[in-house]
Amino acid sequence: MSVSSSSTNSSRTLKIGIVGFGPFGQFLAKTLIKQGHPIRATSRTDYSQLCVHLGITLFRDMDSFLESDNDVILLCTSILSLSEVVRAMPFHCLKRPTLFVDVLSVKEHPRDVLLQVLPEESDVLCTHPMFGPESGKDGWKDLTFVYDRVRIRDEATCSSFLHIFESEGCKMLQMSCEEHDKLAARSQFLTHTVGRILSEMEINSTSIDTKNFQKLVQLKESTVRDSFDLFSGLFIHNKFAKQELKNLELALDKVKQKLLERMNEELDLSVSNH
Ligand code: NAP
């Protein structure tokens, strides 16, 4: 793992094609447009009105999207649909070697799919911006951007792409996809799981909230704002997540056991005092 404050000083304008124009694709697009990069998009859903509003060219068919000569193709689909979306791409429509970048919240899965499916001449950069529409709504300064240069030959294009995040003040962190998944299972997946559990419990603010309870309510609310597809992708496509779920269950059992043991000790004490 390495932190880089200036992985690049290059700042070329890039033609960026976004695949998957859902919440996160739209969120990224706003900053890319602000920086002056021409943006094109394609998605399962028809986002024509939004794209007109944002000044983005929307392609309804993948052939013309790939023919539109992008420097970078930015994959922002759900974790669960990536494989299906990429396998359906007519790569013969690409006009030249292209940099493919994914932003999925798991990293080994897209790395494996992209290396397996993309044409050999395409470069691959696997990334995970560790922020989203909520945490990044006031800018990206000091927010972490994780990346792994999986297969890069066109250094200039890769550097220009990384510069987008660097110039917004992101903390740039180069890390292997495996290391990312190991850490994310213990942090992001755990956070989402606890948030979902709190949502199942239907916790809500009370008139006597403590500060910490308010944080739990906030966690519940921000977790359920992300799609269930995203949450299940964190579990299904991160090989470290299953163990973390087991750890959570074991930990709950241990805490329960400690409480029951203590209760029994107290009961024994009160019986022997009488
Ligand atoms: P998401 O629910 O994970 O993904 C929604 C996107 O996936 C939409 O563009 C949707 O297309 C597309 N999609 C879903 N099923 C599809 C299918 N069967 N075929 C084709 N496209 C399909 O929500 P998201 O928040 O926008 O996240 C997008 C990606 O960014 C995910 O991989 C996520 O892990 C990653 N990410 C998200 C955040 C965040 O804060 N939200 C942060 C970092 C990374 P349509 O909209 O056209 O239906």
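I counted two salt bridges between domain 1 and domain 2; a salt bridge here is a side-chain nitrogen of Lys or Arg within 4 Å of a carboxyl oxygen of Asp or Glu. I am working on a predicted model, where local features need pLDDT of at least 70, side-chain atom pairs count only at pLDDT 80 or more, and totals for chains, interfaces and linings use all residues. Residues are numbered from 1 along each chain as its sequence is written, and side-chain values use heavy atoms, with hydrogens and water left out.

**Domains**

I took domain 1 as 16-175 and domain 2 as 187-263; these bounds come from an automatic or database domain assignment. Nine residues of domain 1 and twelve residues of domain 2 make the contact (heavy atoms within 4.5 Å). I found 30 Å between the C-alpha centres of domain 1 and domain 2.

I then looked up the area buried between domain 1 and domain 2: about 860 Å², with 62% from carbon and sulfur atoms. Buried area is the accessible area (1.4 Å probe) that two parts lose on being put together, summed over both. I also noted two residue pairs in polar contact across this interface, both at pLDDT 80 or more. A polar contact is a pair of N or O atoms within 3.5 Å; within protein, one must be able to donate a hydrogen and the other to accept it, and residues adjacent in sequence count only if both atoms are side-chain atoms.

I checked arginine 225 as well: its side chain forms a salt bridge with that of glutamate 134 (3.7 Å, N to O).

**Helix H7**

I found a kink of about 50 degrees in H7 (residues 177-200), centred on alanine 184. The bend is the angle between axes fitted to the seven residues ending at a residue and the seven starting there. Helices (H or I, at least four residues) and strands (E, at least two) are DSSP runs, numbered from the N terminus.

Alanine 184 is among the buried residues of H7, as are His180, Gln188 and His192. Buried means under 20% relative accessible area, exposed over 50%, partly exposed in between (1.4 Å probe, protein chains only). The buried residues of H7 pack against partners including helix H5 (108-117), strand E8 (144-151) and helix H10 (241-272). Just after H7, I noted a positive phi of about 55 degrees at glutamate 202.

**Asparagine 70**

I located asparagine 70 in the loop between helix H3 (62-67) and strand E5 (72-75). Why does asparagine 70 count as buried? Its relative accessibility is 3%. Its side chain has a polar atom 3.4 Å from the backbone nitrogen of glycine 17. A polar contact of 3.3 Å links the side chains of asparagine 70 and serine 68.
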